[in-house]
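Open the model in your viewer and keep the selection tool ready.

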Amino acid sequence: MSEASQKPSRRTAILLAGVVAVFAWMLDQGTKLWVERTMEIGQQIDALPPVLYWRYHLNPGAAFSMGTDHTWIFTIIQTVVLCLGLYFLRRLGGSWLWTLGLGGLIGGVAGNLTDRYFRYPSLVEGSFQDFGQGHVVDMIAVPNFAIFNVADSFIVCSIIGICAMMLFGLNIDGTREKKAKDDGAGDGSPDPAEAPTESP
């Protein structure tokens, strides 16, 4: 099987990215609903002590509880990121890694944006005063670290993966950046194979 045939087509890549995004969104929202229905705010349950706990926390700020006084700014940023992610979907094709990374990013951002737009205090009693400032449900707690959620995990892992792919020259369409070869090619020096030989 040729290398080209092993790469996803544009249609396959877009479809798979959509499936990954929906899976990430559903997993994120499902865990949040489970926490809301089974735990009280501030309650902690042992999951895998001493390294992992479930702790119900409401976060009005960004990922990992940063910027709690500027909720609307993060809502705008995440909305822009989601729109950009959806825009770049059309450029997928040729890379499984980009397909998974972009799908995970879109699903993670959509998960937290769902909280921003539809959870308290956004749209409380039909008022638009706090629209887009809903509190994100966090529940994953590890020692000496901020509390986060499934969406945060998808976002961070996807961004790390995307940055690594860009660093190593893997483009979103599966092509690779060609590195300049330090072999004298293109510097005006003649190719030794083509140099004329003198007759004895």
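**Stop 1**

Select D115. D115 is buried, with a relative accessible area of 0%. Buried means under 20% relative accessible area, exposed means over 50%, and partly exposed lies in between (1.4 Å probe, protein chains only).

Before going on, note that this is a predicted model, where local features need pLDDT of at least 70, side-chain atom pairs count only at pLDDT 80 or more, and totals for chains, interfaces and linings use all residues. Residues are numbered from 1 along each chain as its sequence is written, and side-chain values use heavy atoms, with hydrogens and water left out.

**Stop 1: the partner of D115**

D115 lies in helix α3 and K32 in helix α1, so the pair ties together parts that are 83 residues apart in sequence. Helices (H or I, at least four residues) and strands (E, at least two) are DSSP runs, numbered from the N terminus. K32 is buried as well, at a relative accessible area of 0%.

**Stop 2: along α1**

D28 forms a salt bridge with K32, and the closest N and O atoms are 2.8 Å apart. Both residues sit in helix α1, four residues apart, about one turn of the helix. An α-helix has 3.6 residues a turn, so residues three or four places apart point the same way. D28 and K32 are both buried.

**Stop 3: E36 and R119**

Select E36 and R119. They form a salt bridge, with the closest N and O atoms 2.9 Å apart. This pair links distant parts of the chain: E36 is in helix α1, while R119 is in the loop between α3 and β3 (136–141), 83 residues apart. Is E36 buried or partly exposed? At 31% relative accessibility, E36 counts as partly exposed, whereas R119, at 12%, counts as buried.

Show the whole group: D28, K32, E36, D115 and R119 are linked in a network of salt bridges. The count of salt bridges comes to four.

**Stop 4: helix α3**

Colour α3. It has 23 residues and reaches 33 Å from its first C-alpha to its last, close to the 33 Å expected at 1.5 Å a residue. The expected span is 1.5 Å times one less than the number of residues. Of the 23 residues of α3, 18 are buried, so the helix is largely enclosed by the rest of the structure.

Zoom to S95. S95 caps the N-terminal end of α3, with a side-chain oxygen 3.5 Å from the backbone nitrogen of L97.

Next, pick T99, also in helix α3. T99 is buried, at a relative accessible area of 0%. Leaving aside neighbours within four places in sequence, T99 is in contact (heavy atoms within 4.5 Å) with P8, A13, L16, A17 and L92.

**Stop 5: the nonpolar cores**

A nonpolar core is a set of buried Ala, Val, Leu, Ile, Met, Phe, Trp, Tyr and Cys residues joined through side-chain atoms within 4.5 Å. The largest has 18 residues; L82, L89, L92, W98, L102, I106 and V109 have the most contacts inside it. Helices α1 (10–38), α3 (96–118) and α4 (150–167) each supply at least two residues of this core. α3 gives the most, with seven residues.

Finish with another core, which lies apart from the largest one and has eight residues, among them V35, V137, I140 and F148.

Conventions
Salt bridge = Lys/Arg side-chain N within 4 Å of Asp/Glu carboxyl O. Polar contact = N/O pair within 3.5 Å; in protein donor to acceptor, adjacent residues only side chain to side chain.
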